[in-house]
Amino acid sequence: MNEKLSREQQPAEASSSTGQCARAAELVSYLYHEASPAEAQEFEAHMERCASCRLETIEFVQVRRSIGDWRTEALGGVTSSALDAAAAHSFVPINGPIKESAARQRSALAAIREFFMLSPGWMRAATAFAGLAFCVLALVAFTHLSESTPHMPAVASEKSPAEKIYSKQEVDQMLARVKLDNEASRQPQALDQKQVKTMVATVDAPTQHGPARQPPRRIAAAPSPSLANYSPVRHGSSNMSPRERQQLAEVLLPQESRDEEKLPRLSDLLDNDSN
Amino acid sequence: METAASSDEQIVARAQAGDAEAFGEIVRRWERRIFALSFGMLGREEDARDATQETFLAAFRNLRGFRGEAKVSSWLHRIAVNQCITRQRRAKVRGETALDEEGEAASSASFFTPAEKSPASAAESRERTEAVRRAVNALPPELRQVIVMKEFEELTFQEIASALEIPLSTVKSRLYTALKQLHLRLNNMASEVAGR
């Protein structure tokens, strides 16, 4: 096995080896967050002095991220703990809940339709008037409320990504991570121990899989490195305008569903019914 | 976790006593995780499904042999890993190298419907994951096992050691070697692509 590997290695550049340090076990424990706090601290202190361990940690973080991407794509991003939680109660067929809710929707619509078909004319008119009045009142109240509310500072809200406004701190954090990843690919030797620590801490970030094993969020059109760019020189981001920062933030952050379930409006049903 | 583990042992005990429903519960609880492990080892959804089925069949046949000395999870993992290795050996003898076939990109379809991607980013993503898949499956079996169990199944070092009946230090050593080899292989692949 080792002979095979050395033949493959020949065309490639020689990489550094942690064999000099004999800290393979500690590195692996640290990488997978299974080191005790004292051990982690000790290894971090070691990384401050040892460039080869620092470099190797960076390389392994990159490998783990690639495997995580493969796993996410292959398994749809379902983590083990999420699978366990589902299996612990009962195994529900994937189509079950979807079919159930569709059936419920249909029966609700069918019930409403039947109500209007069977009701006398005056009841339909009264219902329509009441619905219309409610909508008008709601609109007036909303307009009044929005006029009287003072202008709030830009904060992350529940709006769609295109409408979201992120705080400067959030955008700076995202940019810092992208910049660090770029730097790691371009000049891993130049990273210091603190930067390596950040990389290790974020390798299991919610975008992939994390130590807390939250279901990962999907990244929409994230500027991920192509295979050809696995380790060559890449251009990092330089000074960016606020507009460019916001655009980059929109691209980096997970894409939430834009399609909301549109429940039929009363006016739609009335229009259908009168037709 | 402790409660879940003792429940598994109790359920197995009921299955050993002849309760057919009890083994069904074990299958329901562990099916998806065993599938994830098998997929990581074999790389093909179809093969992973077959291996998962064979795992539970083997577990059912060997129920009486389970003495409760190990956890149910470790026991099932061991059976699954052995099933996957057996499949790979058979495939090798038949001259099949499913994971090296060009058409495998399509068959590594996600278990769930993938999110919509632009064609360019989807192709790029496929190329990248295909490279990782090849690199992982080019690893020797003992290294592939630990990487898959750690990265796909997210087991702790101790759980992997129990499942494979190897020392903790061996688990760490194999993980280190596997990561090292993966890094070298991926670098070589990237150099080849860049050189085209």
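## A tour of the salt bridges, loops and helices

Start in chain B: select B:Glu130 and B:Arg133, whose side chains form a salt bridge with N and O 2.7 Å apart. A salt bridge here is a side-chain nitrogen of Lys or Arg within 4 Å of a carboxyl oxygen of Asp or Glu. The model is predicted: local features need pLDDT of at least 70 and side-chain atom pairs count only at pLDDT 80 or more, while totals for chains, interfaces and linings use all residues. Residues are numbered from 1 along each chain as its sequence is written, chains are lettered from A and ligands numbered from 1 in the order in which they are written, and side-chain values use heavy atoms, with hydrogens and water left out.

**Stop 1**

Helices (H or I, at least four residues) and strands (E, at least two) are DSSP runs, numbered from the N terminus. An α-helix has 3.6 residues a turn, so residues three or four places apart point the same way.

Are the two partners buried or exposed? B:Glu130 is buried, with a relative accessible area of 11%, and B:Arg133 is buried too, at 1%. The classes are buried under 20% relative accessible area, exposed over 50% and partly exposed in between (1.4 Å probe, protein chains only).

Next, select B:Arg44, B:Asp47, B:Asp50, B:Glu54 and B:Arg87: salt bridges with shared partners join these residues into one network.

**Stop 2: a bridge between the chains**

Over all chains, the count is 20 salt bridges. For one of them, select B:Lys180 and A:Glu56, where the closest N and O atoms are 2.5 Å apart. This pair crosses between chains, with B:Lys180 in helix H9 (residues 168–195) of chain B and A:Glu56 in helix H4 (residues 51–75) of chain A. Both B:Lys180 and A:Glu56 are buried.

**Stop 3: B:Arg78 and B:Glu165**

Return to chain B and select B:Arg78 with B:Glu165, a salt bridge at 3.7 Å from N to O. Which parts of the chain does this pair link? B:Arg78 is in helix H4 (residues 72–93) of chain B, and B:Glu165 is in the loop between helix H8 (157–164) and H9, 87 residues apart.

B:Arg78 is partly exposed, with a relative accessible area of 21%, whereas B:Glu165 is exposed at 59%. Check the backbone of B:Glu165 as well: its phi is near 55°, a positive value in a residue other than glycine. Most residues other than glycine have a negative phi.

**Stop 4: another loop of chain B**

Select B:Asn62, in the loop between helix H3 (45–61) and H4 of chain B. B:Asn62 counts as partly exposed because its relative accessibility is 45%.

**Stop 5: chain A as a whole**

Now hide chain B. Chain A has 11 helices and zero strands. Of its 275 residues, 30% are buried. Among contacts in chain A with a separation of 6 or more, 72% are between residues 24 or more positions apart; a contact means heavy atoms within 4.5 Å. Chain A exposes about 17,600 Å², of which carbon and sulfur atoms supply 58%. Accessible areas come from the Shrake-Rupley method with a 1.4 Å probe, and for residues only the protein chains shown count as cover.

**Stop 6**

Select A:Leu27, A:Val28, A:Ser29, A:Tyr30 and A:Leu31, which are buried in H2(A). Then move on to A:His33, in the loop between helix H2 (24–31) and helix H3 (37–49) of chain A. What is the phi of A:His33? The phi of A:His33 is near 55°, positive in a residue other than glycine. A:His33 is partly exposed, at 35% relative accessibility.

**Stop 6: a nonpolar patch**

Finish on A:Leu132, A:Val136 and A:Val140, which make a nonpolar surface patch of about 280 Å². Patches are made of residues with over 30% relative accessible area and no salt bridge, with like charges joined within 9 Å and nonpolar side chains (Val, Leu, Ile, Met, Phe, Trp, Tyr) within 5 Å. A:Leu132 is in helix H7 (residues 121–148) of chain A and is exposed, with a relative accessible area of 55%.
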